[in-house]
Amino acid sequence: MGLEQCDAPEQADVVVLNTCVVRQTAEDTATGMLGKLKPGTSANPGRVLAVMGCMVGPTHQELSRRFPQVHVWARPQQFEPILKAVERSFGGDADGCLANLVPAAPGVASFVPIVHGCDKFCSFCIIPYRRGRETSRAVDDIVHEIELLVARGVKEVTLLGQNVDSFGHDLRPRADLADLLARVHDIAGLERIRFLTSHPNDMSSRIIRAVRDLPKVCESVNLPFQAGDDKVLADMRRGYTRSQYLEKVAEIREVVPSTTLTTDLIVGFPGETSEQFDRSLDILESVRFDKVHAAMYSERPGTAASRTLPDELSPAEKKRRLALVNELQEPIQARLNSAYGGREFDVLLEGITRGRPQGRTRGDKLVYVGSASDGHEHRADTQSARLGIGETVKIRITETTPWSLAGEIATLTRNASATRQLEAVI
Ligand code: SF4
């Protein structure tokens, strides 16, 4: 539409604030930003200030009353009202703008939403109320978007959904995530495929076999368990029991033994007793996850838990439980990662962090190339090092921590000159 990117939101003629409300703090950040943008909006009457994303529910009268400076409220993926407002303010023709949402210079690894919304209605979660029911994107659209991304240098895609495993049940003809993985796998030039976030009830045997059978699909699964006790799981309305969760983990490990597993866990859910919390710790000990995203329960108004389950546990007790999770998990990660030492892994280089090239293994382990402790500052010779970004390099792991690995280049890969260049930098 002829508009150019502006890095300072205070000076921009069009501001689109994309919002997340999965936690209250995220929503507070968005509303704080709206306050900061208010003076600039009053001073620039032609400006279009749009709020998009999960903060915008099916109705927005209450939001409009609180934030009169906002011109457009757009639900997730509803770009049309924003384009119409820009047309009205600045002229131009929005026709065809939506067909080209792929960034001109995407990173090496990109995220691609494939299903929006969620049908699960876990009692603590606001997402289904804000994002609505599951709506899958058409397979051809997704494939086309990834082809465009690959043409612009992307080597890895992560297929995204609140419940990614439920992809396709609403499509006609029906498809599932395994079908989509097979289609995406056929895209020439794409090297790696991941998907996020899984739900234990929807991660079918077909999907697990697709991870085993399709070489580009990485052996890395995020499978939230949220709680280790059946009563708490029932109160959360997760739809599975502890033993069903553990059976799913066993199936994944039997079919794809090299899978790295990460998980999400809530501590201090309303009514969670110490004994029930201990059952979450049991799961951490027995499954031995590669990473755990643990969060203290915080009430989200509008959810079933907020209406029916009083949040009576003190913040201090929630913090204590979170600390126990971290204390237990850190040595588990340290032990798992130490097993990588001395071995070689394919690492897709994604960028430079503090002068060191950095990438990930197929199992999603963060790997730095070069040592952080070899006594000299890694000069940010990023011009040269960038030549290796986007390459898959064989790295021999020499250092491990609970959170990352570091190593040195073991062998040259396909693009030998880029790898040599990278070696020179390191
Ligand atoms: S599966 Fe549960 S926690 Fe995840 S988005 Fe859906 S309702 Fe929320």
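The buried residues of helix α10 pack against α8 (230-236), α9 (242-255), β9 (260-267), β10 (291-296) and α12 (315-338); contact here means heavy atoms within 4.5 Å. Helices (H or I, at least four residues) and strands (E, at least two) are DSSP runs, numbered from the N terminus. The structure is a predicted model, in which local features need pLDDT of at least 70 and side-chain atom pairs count only at pLDDT 80 or more, whereas totals for chains, interfaces and linings use all residues. Residues are numbered from 1 along each chain as its sequence is written, and side-chain values use heavy atoms, with hydrogens and water left out.

The residues of α10 that are buried are Q276, F277, S280, L281, I283, L284 and V287. They cover an arc of only 160° around the axis, which puts them on the same side of α10; the arc is that of the directions from the helix axis to the C-beta atoms. Buried denotes under 20% relative accessible area, exposed over 50%, and partly exposed in between (1.4 Å probe, protein chains only). An α-helix has 3.6 residues a turn, so residues three or four places apart point the same way. At 1.5 Å a residue, the 14 residues of α10 (residues 274-287) should span 20 Å, and the end C-alpha atoms are 20 Å apart, which agrees. The expected span is 1.5 Å times one less than the number of residues in the helix. After α10 comes R288, with a positive phi near 60°.

An open sheet of four strands has the order β5-β4-β6-β7, with mixed pairing. Its edge strands are β5 (135-136) and β7, each of which pairs on one side only. Two strands are taken to pair if DSSP finds at least two bridges between them. Strand β4 (residues 109-116) runs parallel to β6 and is joined to it by six bridges. Within this pairing, S110 has V157 of β6 as its bridge partner, and V112 stands opposite L159 in β6. Five bridges link β6 with strand β7 (residues 192-196), again in the parallel sense; here T158 has R194 of β7 as its bridge partner.

Five of the six residues of strand β6 (residues 156-161) are buried, so β6 is largely enclosed by the rest of the structure. L159, which lies in β6, is buried, with a relative accessible area of 0%. Leaving aside residues up to four places away in sequence, L159 touches V112, I114, I146, V164, L177, L180, L181, I193, R194, F195 and L196. The C-alpha atoms of L159 and S110 are separated by 8.8 Å, with the two residues 49 apart along the chain.

The loop between β6 and α6 (177-185) contains P173, and the peptide bond from R172 to P173 is cis, with omega near 0°. N163 also lies in the loop between β6 and α6. N163 is buried, with a relative accessible area of 1%. Residues up to four places away in sequence not being counted, the contacts of N163 are V115, C118, K120, E134, T197, H199 and D202. T197 is placed in the loop between β7 and α7 (205-213). A cis peptide bond joins L196 and T197, with omega about 0°.

Most residues other than glycine have a negative phi, and most peptide bonds are trans. F121, which is not a glycine, has a positive phi of about 55°. F121 is in the loop between β4 and α4 (127-131) and, at 26% relative accessibility, counts as partly exposed. R237, likewise not a glycine, has a positive phi of about 60°. R237 is in the loop between α8 and α9 and, at 47% relative accessibility, counts as partly exposed.

The ligand is surrounded by C118, K120, F121, C122, F124, C125, I127, P128, Q162, H199 and R238. A residue is near a molecule or strand if one of its heavy atoms lies within 4 Å of it. The shell around the ligand divides into seven nonpolar, two polar and two charged residues. In this division, Ala, Val, Leu, Ile, Met, Phe, Trp, Tyr, Cys and Pro count as nonpolar, Asp, Glu, Lys and Arg as charged, and the others, Gly among them, as polar. Among the residues that surround the ligand are C118, K120 and H199, which also belong to the contacts of N163.
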